[in-house]
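Dear colleague,

My notes on it come after.

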Amino acid sequence: MSELDEDSDGFLQPHEMEAYIRGLIPNLAQLRDMPAAFVQMYCRIAAHKFSFFCDPHRRGKACIKKVLLSNCLQELMELHQESEEEVTDTEQAENWFSLTSAQRICDMFLALDKDMNGTLSKQELKEYADGTLTEIFIERVFDEHVRRCKIGAGSNREMDFDSFLDFVLALENKDTPEGLTYLFRCLDLNGRGFLTTADIHSLFRDVHQKWIEGGNYELCIEDVRDEIWDMVKPADPLRITLADLLACKQGGTVASMLIDVRGFWAHDNRENLLQEEGEPEEES
């Protein structure tokens with residue numbers, strides 16, 4: 001890594017990180033047979049996870065020491081396992097650095113990009129995860145995490161591939177400080193650094209609408225709001241901060257409940273889901 005650090009400042013820029021990963025591919029058993037045409041895209045997707053977790057302040061470079069100590073590097077090195085037969089499909093899908101996962105991300109982006117212009121509009125992004133994310137959340141993602149286009153008319157923003165990678169990484173790693181920080185900026189409707197009961201009400205209203213449209217039982221928004229307060233137990237009883245969400249160890253669940261009707265369904269059915277997981281499979 002230090003050899004690739006062109007300015008010897010102890011940090012790797014994205015293109016240097018991509019070069020490091022490209023050099024590893026021949027030595028990683030599960031990546032050796034990667035189609036040559038996909039290598040550049042693979043390196044971009046793989047390097048982006050290091051940027052997301054090792055460059056949280058988005059300075060455009062990741063500290064080499066932080067990279068070496070990161071879970072990301074450990075996850076990448078899991079691909080040393082000689083045969084994919086030793087790795088289950090689930091493990092492959094869950095490892096961001098697997099070829100299966102990288103192709104999944106690409107396919108997902110291409111499927112959402114209906115007008116094939118290489119970026120995603122709000123309307124296109126609404127179809128992510130079968131359309132279970134709320135409209136207010138998609139709006140807030142664009143407000144907080146999508147840069148304005150310098151080219152073209154008006155204030156129409158579109159999400160580029162790198163911003164899409166951030167979006168997917170945050171949603172798939174909601175329980176990490178980095179993922180939760182990304183999501184909290186979207187939840188913090190007024191940019192004050194905390195959520196009030198009114199914010200929770202505004203956020204959950206969209207989830208509630210999707211919940212009812214899905215044919216589920218009637219919900220009392222105030223009950224859900226009170227449940228969230230009980231889960232988080234904020235230091236200040238009138239507001240929830242990012243620190244509160246991180247401290248309560250249920251921040252990812254709370255975020256899911258407020259942005260994704262499927263996430264709320266999973267929370268509402270958690271006892272049944274736990275019971276199903278605990279039941280031994282019947283022997284054939």
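Predicted model: local features only at pLDDT ≥ 70, side-chain atom pairs only at ≥ 80, totals over all residues.

The secondary structure of the protein consists of 16 helices and 4 strands, and of its 284 residues 46% are buried. The exposed surface comes to about 15,600 Å², with carbon and sulfur atoms supplying 49% of it. When contacts between residues at least 6 apart in sequence are considered, 59% of them join residues at least 24 apart.

The helix pair I looked at is α2 (residues 39-54) and α9 (residues 161-172), whose axes come within 10 Å and cross at roughly 55°. On the α2 side the contact is made by Met 41, Arg 44, Ile 45, His 48, Lys 49, Phe 52 and Phe 53, while α9 contributes Phe 161, Asp 162, Leu 165, Asp 166, Leu 169 and Ala 170. Sorted by class, this contact holds 8 nonpolar, 1 polar and 4 charged residues.

The glycine is Gly 252, which lies in helix α14 (residues 251-259). Because its relative accessible area is 5%, below the 20% cut-off, Gly 252 counts as buried. Leaving aside residues up to four places away in sequence, Gly 252 touches Lys 174, Asp 175 and Leu 180. The C-alpha atoms of Gly 252 and Glu 172 are separated by 9.8 Å, although these residues are 80 apart along the chain.

How values were computed. Residues numbered from 1 in each chain as written. Heavy atoms only, no water. Helix = DSSP H or I, 4+ residues; strand = E, 2+ residues; numbered from the N terminus. Buried < 20%, exposed > 50% of the residue type's maximum accessible area, 1.4 Å probe, protein only. Contact = heavy atoms within 4.5 Å. Areas by Shrake-Rupley, 256 points an atom, 1.4 Å probe, with all protein chains shown as cover. Axes fitted to C-alpha atoms, helices over the stretch in contact; angles between N-to-C directions. Nonpolar A, V, L, I, M, F, W, Y, C, P; charged D, E, K, R; others polar.
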